Amino acid sequence: MNSKELLCVCTDARHMSALSPAEMQGWTILTVPTLSAAAHALRERRYLVGLLVDVVGPPHLMGEVELFLNHHRDVSWIAVVEPGLVQLPAYRDLVARHMADYHTRPVDSERLAFTLGHAYGHAMLCDAALPVAAPPTRLTGTSPAIERLRAQIHKVAGVNAPVLIWGESGSGKEVAAQAIHEASPRAAGAFVPINCGAIPANLIQSELFGHQRGAFTGATKDKAGLIETAAGGTVFLDEIADLPKDLQSNLLRFLQEKTIYRIGSTRSISVDVRIIAASHVKLQDAVAEGAFREDLYYRLNVLPLTVPPLRERKSDLPRLADELFNSFLRETGGRVKGFSNCAMDAMMRHEWPGNVRELLNRIRYAMVMADGAVITAADLGLLPDGSDQLGQALDRSREKAERTALLTSLERCGRNVSQAARSLGVSRTTIYRLMEKHAISR
Ligand SMILES: Nc1ncnc2c1ncn2[C@@H]1O[C@H](COP(=O)(O)OP(=O)(O)OP(=O)(O)O)[C@@H](O)[C@H]1O
Ligand SMILES: [Mg+2]
């Protein structure tokens with residue numbers, strides 16, 4: 001039988017007696033002395049249940065404990081604390097927000113073992129109910145813009161010619177490229193994404209085309225490039241505008257001849273791959289600036305596709321948001337249950353300059369940081385509904401109060417500007433400016 005795993009953080013080894021060996025049979029226990037050791041252990045392995053013995057005690061550690069617990073919400077934590085501590089609001093709050101349960105000293109080992117077993121069983125149950133964490137790789141959405149894209153993807157998938165995808169950052173260019181590959185006769189082959197902007201210029205040639213042993217210092221053996229490893233499949237060249245000019249020539253030659261040369265070799269190798277390229281800058285502009293070869297542009301731009309920005313397919317947003325939310329549930333422990341209506345309204349109003357990637361980042365952040373059971377507009381870093389109107393209403397009443405104060409003061413001073421300025425504690429220039437602003441004649 002698999003044993004239950006427990007991560008125990010115990011700053012003082014003498015207090016480990018809280019766990020009686022007899023009661024803890026069937027458990028494998030890893031005991032660590034510090035929170036950083038616990039964080040390390042949690043990076044290595046997944047624990048469903050954790051025990052904090054006296055860690056929640058020292059006041060100077062409160063911030064550190066809170067930070068640690070915020071990062072590890074997917075563990076069911078049980079705390080062992082001194083009895084007086086839970087009377088203090090700050091400790092009570094910490095325990096209430098982050099602990100599945102707590103025990104005060106003196107510890108009843110039998111009861112503690114029961115609590116740990118119960119927490120473990122419950123965590124297993126929740127874990128099985130949560131979907132596996134992975135952001136969606138499929139093109140979600142039924143908006144006219146996405147349906148149009150889907151139809152285009154379907155058409156270009158059957159053809160072997162290069163595809164050039166344009167779309168704003170984070171709009172889903174890679175998802176679209178993957179969808180083309182999966183709908184193509186090459187689906188059984190590899191889909192190899194290469195971000196031309198992320199690989200250092202001096203490495204990119206060897207990464208793409210491979211090298212022969214001895215071609216340069218450090219080339220100790222022959223190495224196939226990414227294009228070769230994608231044989232039978234698709235190479236996705238993301239951020240193609242970042243490809244250095246000399247490599248643009250190499251790529252052009254590959255597109256024309258379907259053969260590559262590894263660095264240091266004169267032997268041509270024929271490779272059967274389809275090229276899909278993507279860019280968030282308009283390649284025509286790069287061509288006009290002389291940064292991108294025109295002949296390569298025409299070679300790549302055989303089948304152009306545009307991925308629409310998220311703001312042009314807002315009707316897809318609720319479904320996308322739900323999918324992204326579900327994909328992070330396991331990571332965040334299923335503590336947050338969904339979006340508030342306000343949060344959903346705020347998402348529908350936002351313009352999403354960073355597109356789906358921005359949506360993904362905001363949701364992931366909100367799921368970790370939300371205090372309540374549902375995500376609010378503030379958790380997403382968006383303005384709640386009505387805040388604009390509230391701001392405008394405040395501005396209006398401020399203007400009204402300003403006009404009334406000015407008029408009253410001028411009346412009292414017999415329209416003497418110097419006296420009115422003194423009585424209001426402002427300069428004469430300010431009074432003249434305000435009179436002009438509020439259309440008050442002298
Ligand atoms: N229609 C969609 N349905 C589901 N998920 C999507 C969709 N579009 C994008 N995503 C998700 O959004 C994220 C960004 O998508 P992707 O990497 O394809 O965008 P990109 O345009 O290549 O972005 P970048 O410009 O940052 O390279 C990914 O995690 C992807 O899974
Ligand atoms: Mg991309």
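Mentor: A nonpolar core is a set of buried Ala, Val, Leu, Ile, Met, Phe, Trp, Tyr and Cys residues joined through side-chain atoms within 4.5 Å; buried means under 20% relative accessible area with a 1.4 Å probe, protein chains only. This is a predicted model, in which local features need pLDDT of at least 70, side-chain atom pairs count only at pLDDT 80 or more, and totals for chains, interfaces and linings use all residues. Residues are numbered from 1 along each chain as its sequence is written, and side-chain values use heavy atoms, with hydrogens and water left out.

Trainee: Which residues touch the most other members of the largest nonpolar core?

Mentor: This core has 32 residues. Those touching the most other members are Ile227, Leu237, Ile240, Phe254 and Phe292.

Trainee: Are α7 and α9 roughly parallel or roughly antiparallel?

Mentor: Their axes, lines fitted to C-alpha atoms over the stretch in contact, with angles from 0 to 180 degrees between N-to-C directions, come within 11 Å and cross at roughly 15 degrees. Because angles under 35 degrees count as roughly parallel and over 145 as roughly antiparallel, α7 and α9 are roughly parallel.

Trainee: Which residues of α9 does α7 meet?

Mentor: Contact means heavy atoms within 4.5 Å. From α7, the residues involved are Ile204, Gln205 and Phe209. Their partners in α9 are Leu247, Asn250, Leu251 and Phe254.

Terms used
Chains lettered and ligands numbered in written order. Buried < 20%, exposed > 50% of the residue type's maximum accessible area, 1.4 Å probe, protein only. Helix = DSSP H or I, 4+ residues; strand = E, 2+ residues; numbered from the N terminus. Parallel < 35°, antiparallel > 145°, perpendicular 65-115°, else oblique.
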